[in-house]
Amino acid sequence: MADTNEVLAGLAEIVAEETGLDAGDVTLEKSFTDDLDIDSLSMMTIVTLAEEKFDVRIPDEEVKNLTTVGDAVKFIEGAQN
Amino acid sequence: MTDVVVTGLGATTPLGGDVPTTWEAALAGRSGVRTLDNDWAEVYDIPVTFAGQLVVQPSEVLSRPETKRMDPSAQMAIVATREAWADAGSPDVDPERLGAVVSSGIGGVWTLLNGWDTMKEKGAKRILPLSVPMLMPNSPAAYVSLELTARAGAHAPVSACASGAEAIGAAYEMIQSGRADIVVAGGTEAAIHPLPISAFAAMQALSKRNDDPQGASRPYDTTRDGFVMGEGSGIVVLESAEHAAARGARVYGRVLGLGMTADAHHIAAPDPEGAGQTRAMRLALERAGVTAADIVHVNAHATSTPVGDMIEARGIRGVLGSDADGVLLSATKSMTGHLLGGAGALESVFTIKALQDRVAPPTINVTSPDPELEVDLVRDTPRALPADGQLAAINNSFGFGGHNVALVFGSA
């Protein structure tokens with residue numbers, strides 16, 4: 001099981017690859033759309049890559065609830081347990 | 001009729017990462033063909049183990065997100081577009097008067113086949129959401145439109161190995177018909193993947209000279225045995241002469257004419273009489289308002305196939321008649337390999353540079369010219385074009401499916 005920091009680091013890496021942002025800027029309170037300027041296709045790409053990286057399932061209907069990076073980290077942690 | 005001029009050039013090719021290095025290598029008669037540095041021969045038993053591969057990978061010049069969002073074919077087009085646009089002076093133009101016409105012969109074949117590999121291995125859930133915008137054949141045109149905010153129209157005419165030339169032809173017509181003041185046009189191809197290589201080889205279209213990659217592309221040589229796959233992109237910035245003059249743009253040359261025909265003979269084999277090819281050349285000359293005597297240079301389609309090269313050469317002799325005596329013929333695929341949908345665009349760049357520098361690039365690897373060749377072939381070292389006066393040249397491109405495109409360019 002990965003702890004919060006490990007999940008955040010792994011997710012930040014994916015977001016950085018996808019957006020060109022610095023991984024250090026991908027912090028828990030950031031909103032994917034408002035702060036990180038991630039469109040819906042990029043979000044789905046990030047979800048697909050996160051599912052593979054963390055070996056979890058993030059249902060499509062769940063994605064709309066993942067407003068912030070923290071929401072995603074929390075969901076991934078929960079799905080792993 | 002609106003005159004159309006060329007104000008910017010861009011390329012990324014097996015000879016170099018931009019136009020200056022590519023052109024310098026072409027004039028030096030260098031080959032961009034190399035043995036593939038991978039295990040495809042062992043794993044798949046592919047019959048051809050070499051190709052004209054890019055010197056500078058797009059990943060070396062694009063950002064990481066850009067390389068993840070675009071198929072390699074679009075990446076190459078964007079690299080060439082940035083060079084061409086900067087070369088044109090990054091013109092200030094109304095977005096609704098700026099167009100993009102960028103073609104690929106095959107499209108996002110890497111994306112499609114990588115996606116299928118992923119699907120077989122991991123299932124549908126692992127297919128990335130950007131797969132469709134990456135694999136669609138209009139993707140390079142769309143990304144160029146996005147890059148430059150080109151809103152007059154974005155098009156991707158597809159005609160196999162004539163695609164790049166057809167794109168430039170379509171861009172020329174967009175300006176002539178008044179739809180745009182500037183159109184960024186060209187072609188791109190990223191198909192050096194084991195499946196397309198094997199498929200072209202299955203047609204007996206490729207040279208199998210695995211032990212001599214650099215000598216494999218030898219248009220007009222008696223021992224030619226097929227074309228050599230290449231990859232890359234060529235892009236030109238076309239502009240109405242009026243718009244270019246108003247902003248004081250540097251003009252490389254002019255697009256004088258276009259001839260496009262279809263063989264309706266066979267899905268892949270060229271018409272042995274070359275009727276469609278010669279008609280394309282005649283139509284292009286007619287539209288350009290020039291005569292055979294005005295033509296000083298032809299950049300031939302000449303892919304190094306046993307049948308195709310001589311059909312075209314006889315056609316050139318037939319169209320130009322006795323005036324062909326004054327023509328210098330170049331087959332630059334001898335150095336670059338065949339860029340498929342990128343070929344007509346890169347060779348247009350070569351033709352425009354030849355007129356600008358008044359020099360015809362060499363054809364390499366021709367040690368015993370086909371005895372039937374009746375046009376003066378530039379071999380091994382470049383040769384000078386006439387130093388004075390207006391010059392005109394033809395660039396031919398033909399594609400599987402019987403597509404024939406002849407472009408006539410003029411000096412500035």
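This is a predicted model: local features need pLDDT of at least 70, side-chain atom pairs count only at pLDDT 80 or more; totals for chains, interfaces and linings use all residues.
**Stop 1**

Colour chain B by domain. Residues 4-246 make up domain 1, and residues 258-411 make up domain 2.

Now show the boundary between them. On the domain 1 side, 66 residues are in contact with 61 residues of domain 2 of chain B. The two domains of chain B bury about 4,700 Å² between them, and 68% of that area is on carbon and sulfur atoms. Select W23(B), Y220(B) and R224(B). Within domain 1 of chain B, these three lose the most area to domain 2 of chain B, together 20% of what that side buries.

Polar pairs cross here too. The interface of domain 1 and domain 2 of chain B holds 22 residue pairs in polar contact. Which elements supply the domain 1 side? In chain B, β1 (4-12), α1 (19-27), β4 (98-104), α8, β6 (182-189) and β7 (232-240) each give at least two residues to the face that touches domain 2. Of that face, α8(B) gives the most, with nine residues.

**Stop 2: a salt bridge across the domains**

The interface of domain 1 and domain 2 of chain B has three salt bridges. Zoom to R287(B) and E173(B). Their side chains meet in a salt bridge, 2.8 Å from N to O. R287(B) sits in helix α11 (residues 275-288) of chain B and E173(B) in helix α8 (residues 163-176) of chain B, so this pair ties together parts that are 114 residues apart in sequence. Is the pair buried or partly exposed? R287(B) is partly exposed, at 36% relative accessibility. E173(B) is partly exposed as well, at 31%.

**Stop 3: the nonpolar cores**

Select V6(B), L9(B), I168(B), V236(B) and L238(B). They touch the most other members of the largest nonpolar core, which has 49 residues. The core draws at least three residues from each of domain 1 (4-246) and domain 2 (258-411) of chain B.

Centre on I168(B). What is it in contact with, leaving aside neighbours within four places in sequence? The partners of I168(B) are A185(B), G186(B), V236(B), L238(B), G344(B), A345(B), S348(B), L407(B) and F409(B).

Next, pick L256(B), V290(B), V366(B) and A406(B). These are among the members of a second, separate core of 30 residues.

**Stop 4: a helix pair in chain B**

Go to R82(B) and E147(B). Their side chains form a salt bridge, 2.8 Å from N to O. R82(B) belongs to helix α4 (residues 72-87) of chain B and E147(B) to helix α7 (residues 139-148) of chain B, so the pair ties together parts that are 65 residues apart in sequence. R82(B) is partly exposed, with a relative accessible area of 31%. E147(B) is also partly exposed, with 32%.

**Stop 5: where chain B touches chain A**

Bring chain A into view. Twelve residues of chain B are in contact with 16 residues of chain A. About 1,300 Å² is buried between the chains, and carbon and sulfur atoms give 52% of it. Select K125(B), R126(B) and P129(B): in chain B, they lose the most area to chain A, together 44% of what that side buries.

Switch to charges. Side chains of opposite charge can pair when their charged atoms come close. The interface of chain B and chain A has seven salt bridges. Five residue pairs between these chains are in polar contact. On the side of chain B that touches chain A, α3(B) gives the most, with four residues.

Inspect R69(B) and E18(A), a salt bridge whose closest N and O atoms are 3.6 Å apart. This pair runs from helix α3 (residues 64-69) of chain B to helix α1 (residues 4-19) of chain A. R69(B) is partly exposed, with a relative accessible area of 25%, while E18(A) is buried, with 2%.

Finish on R126(B) and E51(A), whose side chains meet in a salt bridge at 3.6 Å, N to O. Over all chains, the model has 24 salt bridges.

Notes: Residues are numbered from 1 along each chain as its sequence is written. Chains are lettered from A and ligands numbered from 1 in the order in which they are written. Side-chain values use heavy atoms; hydrogens and water are left out. A salt bridge is a side-chain nitrogen of Lys or Arg within 4 Å of a carboxyl oxygen of Asp or Glu. Buried means under 20% relative accessible area, exposed over 50%, partly exposed in between (1.4 Å probe, protein chains only). A nonpolar core is a set of buried Ala, Val, Leu, Ile, Met, Phe, Trp, Tyr and Cys residues joined through side-chain atoms within 4.5 Å. Domain bounds come from an automatic or database domain assignment. Contact means heavy atoms within 4.5 Å. Buried area is the accessible area (1.4 Å probe) that two parts lose on being put together, summed over both. A polar contact is a pair of N or O atoms within 3.5 Å; within protein, one must be able to donate a hydrogen and the other to accept it, and residues adjacent in sequence count only if both atoms are side-chain atoms.
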